[in-house]
Amino acid sequence: MLDWQAVDTVLLDMDGTLLDLHFDAHFWLEFMPLRYAQRHGLDPATSRDPLIERIMSERGSLNWYCLDYWSRELDLPIAELKREVADRIGYRPGVEDFLAALRRSGRRTLIVTNAHRDSLSLKVERTGVDQLVDAVICSHDFGLPKEDVAFWSKLQQVEPFDPGRTLLVEDSEPVLESARRFGIRHLLYVAQPDSQQPARESDTFETVHDFAEVMPPQ
Ligand SMILES: [Mg+2]
């Protein structure tokens, strides 16, 4: 299990780790494809699958997370559309208690996200999650997604941290893998990023089902 005595910096992913991924899944897989079909005069039943395939082909790249890119590509005001379903944005269970305990324990806490600034600002507006941590870092500012091992040294230049004494909590195995290659020692995989989907253990990384299991000692 996690040795808190060996951790003084905690890096936290946002979507699927602190916030329920259900919002993003609903937006990209249901709501946006419907609006896309309406906008372009297509049948939603037949246009959805090729559209999702096109979106998935950018997975892991910065384009995948870039609202400007998709607004251009799909000729849709993506940031505006997100606001229409923003009531689905919310915390995962136990997150506020976990962040409060981290703060009380005196460890440095950073949100490290691949989310686009517009996407981040909508989520911050709805949840105030930025107020529960010490800083928020957007990978777009470095021009590299977290999946790229070079991302972590860029992060270190603005936020010095000792990889041997850092914990990363994430719902993406490729990101955990890139962090491990960089040398981040403590890694936790989130079992149920989307409240509407079943939980899943990682074969590679220690899996957390409930933040109550990994509360830092006070
Ligand atoms: Mg995530």
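A polar contact is a pair of N or O atoms within 3.5 Å; within protein, one atom must be able to donate a hydrogen and the other to accept it, and residues adjacent in sequence count only if both atoms are side-chain atoms. By this rule, 7 residue pairs, both at pLDDT 80 or more, are in polar contact across the interface of domain 1 and domain 2.

The model is predicted: local features need pLDDT of at least 70, side-chain atom pairs count only at pLDDT 80 or more, and totals for chains, interfaces and linings use all residues. Residues are numbered from 1 along each chain as its sequence is written, and side-chain values use heavy atoms, with hydrogens and water left out.

**The two domains**

The protein chain is split into domain 1 (4-20 + 91-214) and domain 2 (23-87), with bounds from an automatic or database domain assignment. Taken over C-alpha atoms, their centres are 25 Å apart. Domain 1 brings 17 residues to the contact and domain 2 brings 14 residues, where contact means heavy atoms within 4.5 Å.

About 1300 Å² is buried between domain 1 and domain 2, and carbon and sulfur atoms give 57% of that area. Buried area is the accessible area (1.4 Å probe) that two parts lose on being put together, summed over both. In domain 1, His116, Leu122 and Arg126 lose the most area to domain 2, together 33% of what that side buries.

There are 2 salt bridges between domain 1 and domain 2; the term means a side-chain nitrogen of Lys or Arg within 4 Å of a carboxyl oxygen of Asp or Glu. Lys123 and Asp24 form a salt bridge through their side chains, at 2.6 Å from N to O.

**The magnesium ion**

The protein donors of the magnesium ion are Asp13 (OD), Asp15 (O) and Asp171 (OD), at 2.1 to 2.2 Å. Donors are N, O and S atoms within 2.8 Å of the metal (3.2 Å for Na, K and Ca); water is not among the atoms, so sites may look incomplete.
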